[in-house]
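Thanks for coming. I have one model to show today, and I will keep it short.

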Amino acid sequence: MTVKYFATIRTYTGETERRVEDAPADLRELVTALAGRYGTSFRRAVFSDDELNGEIIILVNGRNVLYLQGLDTPLKADDEVSIFPMVAGG
Amino acid sequence: MFGWSGSVLRVDLTKGAVTREATDIALAHTYLGARGFGGQIIRDEVAPDTDPLSPANKIVFAPGPLTGTFAPSAGRYEVVTKAPLNNVIAASNSGGAFGPELKFAGYDALIVEGKAAKPVYLWIRNDEVEVRDAAAIWGHDTPDTTDLVRAETDEDAKVACIGPAGEHLSPIANIMNEMHRAAGRSGVGAVMGSKNLKAIAVFGTGAVKVADPERFRAAVMKARKMIQEHPVGGAGLKAYGTDVLVNILNQTGALPTRNFQDGYFPTADKTGGESLAAKQLVRPKGCFSCVISCGRVTKVDNPAYKGFGEGPEYETTWAFGADCGIDDLDAITKANYHCNAYGIDTISLGSTIACAMELFERGIITTKDTDGVQLTFGNVAAMVEMTRKSCTGEGFGAKLAQGSYRLAESYGHPEFSMTVKKQEMPAYDPRGVQGIGLNYATGNRGGCHVRGYTIAIEVLQNGAVMDPRVTEGKAGLDITFQDLTAALDSSGACLFSTFGIGAPELAEMLSAATGVEYSVDEFMKIGERIWNQERLWNLKQGYTTADDTLPERLLKEPIKTGPAKGNVNRLGEMLPEYYQLRGWDEKGVPAKAKLKELALN
């Protein structure tokens, strides 16, 4: 699967996207593994007491995981995951 | 009088007469200022059947009661007039420092009426007001005009002016202040042009007095803190500007692409705020009293599109970018510079060029129409050249400068104009985000995002969340946003302050500033009154429920690719509930009980 990073998340990851082989079973497994790779800043941006930080937006195939199953959203090998901080404009 | 300045300045250009009137305090209490106050002046003083470009139309420049105070981002004013684009009450909002300067000069509104016999500009220095000859300035672009007017008046004067597009009476011409801030939409620049009014320079030495300084200080500091501690208001917008939205809308599948033929643009990231910050950003910039600084001072080093200026904003990037099938950010920024210099609305022009590209690819127009240019999607050089020609009015550009509805209609295909009530929609595809479609359809000035920004809830997770794919609850959401925004616009605050604060903080600041107690309910009621006021005007213009719709493409043609593939907008599921919740009948007419409740005639 492909994981894409945007805005300030890129400053934590140092890259704009990552190809993840051996797809994790669900989103929690994925972001836990990513937090292990990218470290504290990324972990703090994504997690709040082991739950999703309210200031992070994660899309799986364009759907906000809040409308799927949150961190329990199951993942497939061909999924695209997008991770954003809160952004705005207009 | 507190918050308000107490005076309205009226300039009759036909007679060259300048008069001052006391601000109608009852009107100010009822409509606050800016959009609502100016809208009521238009309703009271301009006959509904007036030709927008005739001397009988009037144009109002109105700040709000918070404008010019140190409330966060309270630097806004509105240009209110009958719109050349589509006959609605145009209320075009701009930031910078022009609005505060009008307050410092002592005015709650400037009303310009009639028509000068030859080009003129206004020079307002407190209560000294002159109508000056602008023969030597006419024809200049907006930066040069600003410099020339300042040289003749005061180097610290704040200048709002039109460029050549306004002089040519383009119905998508804007008004630029301080060179880079735009009262962008509905063609307000053409009204100035029709009056031979090239510019307004203002310099004031007064201040805005507030009723309860201690209470106001406390309310302002609380609001400032809330915005600064918000991830968007405090950091995100300053770092990446509004253009940061390119990627999240694209990843949601709601970035309109190639004239709304699709909702996903694979290479959009090359045009996003992250790329802009890396390639072009010189520094962020804020308007008067701003705590956010979303503005972008930019430069382009690429020799093909070399330039220096401000922007582009998200909507502009989209209009000249994904909507035209283009991912060259340097070219997009160059197009933006052209538009700002010549005074034309970037959303409408970009969307019009996209419309022309579709007409070309469908064979409806050919190189015989386009001055020999292969006007295909993705043709970067053609996009920039057509932007320049639209600005100057050369060749095919003169047709583009009429906006997409008039362009497409002239070739017998208005269905390819992506407009609501003849005004181009902005950068959110209603097939991927249902509620914004209802907002476009019911928008009092036509296609517009800043009158009911449901994207904040449907996509951006700002304060609350609602699934963008569902229609349930969207009528109520739209109404709340529309009313809140109408009141906020009329207060003089910036819409972006709502990325941090809401109606309670705005009502408290207004109460402390004006000495008039506004509860949250009363604040929202003012917004509802303004929305209905604008609706009543539209009904007099002949607009009906048939105009509360979207281009057929968005209702019938599913998005072809990307995350929202297969979706259309389901307006029919939302609109009846919207009318019902508004207290309007099935024909979209406000019921008598609603008008009585809102004290509207």
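Predicted model: local features only at pLDDT ≥ 70, side-chain atom pairs only at ≥ 80, totals over all residues.

Residues are numbered from 1 along each chain as its sequence is written, and chains are lettered from A and ligands numbered from 1 in the order in which they are written.

First, the interface. On chain B, 32 residues are in contact with 19 residues of chain A; contact means C-beta atoms, placed from the backbone, within 7 Å. Helix 8 (232-240), helix 9 (245-252) and helix 18 (455-458) of chain B each give two or more residues to that side. Helices here are DSSP runs (H or I, at least four residues), numbered from the N terminus. The chain B side divides into 18 nonpolar, eleven polar and three charged residues. Ala, Val, Leu, Ile, Met, Phe, Trp, Tyr, Cys and Pro count as nonpolar, Asp, Glu, Lys and Arg as charged, and the others, Gly among them, as polar.

Next, the pair. In chain B, the axes of helix 2 (residues 34-45) and helix 19 (residues 474-491) come within 5 Å and cross at roughly 90 degrees. Axes are lines fitted to C-alpha atoms, for helices over the stretch in contact, with angles from 0 to 180 degrees between N-to-C directions. Helix 2 of chain B and helix 19 of chain B are therefore roughly perpendicular, the label for 65 to 115 degrees.

Last, helix 13 of chain B. In this helix, 15 of 16 residues are buried, meaning 20 or more other C-beta atoms, placed from the backbone, within 10 Å of the residue's own. After helix 13 of chain B comes G363(B), with a positive phi near 80 degrees.

Methods
Contact = placed C-beta atoms within 7 Å. Parallel < 35°, antiparallel > 145°, perpendicular 65-115°, else oblique. Buried ≥ 20, exposed ≤ 12 C-beta atoms within 10 Å, placed from the backbone.
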